[in-house]
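Here is a walk through one structure. Keep the sequence and the 3D view side by side.

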Amino acid sequence: MKQPASAPRGKPAAKAKRKSREDLNQEARDRKREKKHSGHKSGSRANPETQSAGKGQGKKAQDPRLGSKAPVALIADGKTKPAKKPEAKPKPKAEKIRLTPEEELAKLENDERLDTLLDRLENGETLSAEDQAWLDQTLDRIDELMEKLGIALDDEVEDEQAEEDMMRLLKGN
């Protein structure tokens with residue numbers, strides 16, 4: 001029998017530094033933490049289908065062995081009608097409710113947004129383009145309704161006076 005070859009004799013190998021107790025404990029904790037997360041989820045033996053879905057496959061591929069769901073005639077002479085799928089009923093669109101001119105004018109007079117925008121204009125603030133467009137459109141609609149109802153402001157009064165009167169009317173003062 002041959003004896004194993006021994007290491008060459010010369011300088012003794014440098015002693016490995018001993019690790020402190022804190023380092024050893026930290027390494028043990030790290031190993032335990034890594035070991036703890038390996039393996040399957042709990043209950044994976046009892047629920048094998050959740051195991052495959054949990055790996056990111058999402059929907060299971062359909063089984064190719066499953067056939068058509070169409071009804072089959074059990075009697076040679078009889079014919080079956082194809083199964084009708086329930087049709088989705090289209091939702092009826094909400095129809096605009098027609099208001100009388102009086103109701104529409106009252107609604108516009110009590111509009112909070114209109115009041116706040118008019119207050120801001122009186123205070124000298126500038127409105128955004130969107131707010132200004134909405135305000136102009138609303139005031140035009142109020143003018144139309146007032147004409148339909150026969151409510152007229154004095155035509156001889158200047159435009160500024162007409163705006164002030166309209167604001168008073170809208171605010172209910």
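This is a predicted model: local features need pLDDT of at least 70, side-chain atom pairs count only at pLDDT 80 or more; totals for chains, interfaces and linings use all residues.

Setting aside residues within four places in sequence, Leu170 contacts Glu109, Leu114, Leu118, Leu139 and Ile142.

Leu170 also belongs to the largest nonpolar core, which has 14 residues. Leu105, Leu114, Leu118, Leu135, Leu139, Ile142 and Leu170 touch the most other members of that core. Four helices each supply two or more of its residues: H3 (101–109), H4 (112–122), H5 (129–149) and H6 (159–171). H5 gives the largest share, with 5 residues. In soluble globular proteins, nonpolar side chains tend to be buried together.

Now turn to H4. Its buried residues are Leu114, Leu117 and Leu118. Viewed down the helix axis, these residues fall within an arc of 100 degrees, so they line one face of H4. An α-helix has 3.6 residues a turn, so residues three or four places apart point the same way.

Look next at the ends of H4. At its start, a side-chain oxygen of Asp111 comes to within 3.3 Å of the backbone nitrogen of Arg113. After H4 comes Gly124, with a positive phi near 90 degrees.

Is Asp131 buried or exposed? Its relative accessible area is 16%, so Asp131 counts as buried, the cut-off being under 20%. The side chains of Asp131 and Arg113 are joined by a polar contact of 3.1 Å. Beyond four places in sequence, Asp131 touches Arg113, Leu117 and Arg120. Of these, Leu117 is one of the buried residues of H4.

Key
Residues are numbered from 1 along each chain as its sequence is written. Side-chain values use heavy atoms; hydrogens and water are left out. A nonpolar core is a set of buried Ala, Val, Leu, Ile, Met, Phe, Trp, Tyr and Cys residues joined through side-chain atoms within 4.5 Å. Buried means under 20% relative accessible area, exposed over 50%, partly exposed in between (1.4 Å probe, protein chains only). Contact means heavy atoms within 4.5 Å. A polar contact is a pair of N or O atoms within 3.5 Å; within protein, one must be able to donate a hydrogen and the other to accept it, and residues adjacent in sequence count only if both atoms are side-chain atoms. The arc is that of the directions from the helix axis to the C-beta atoms.
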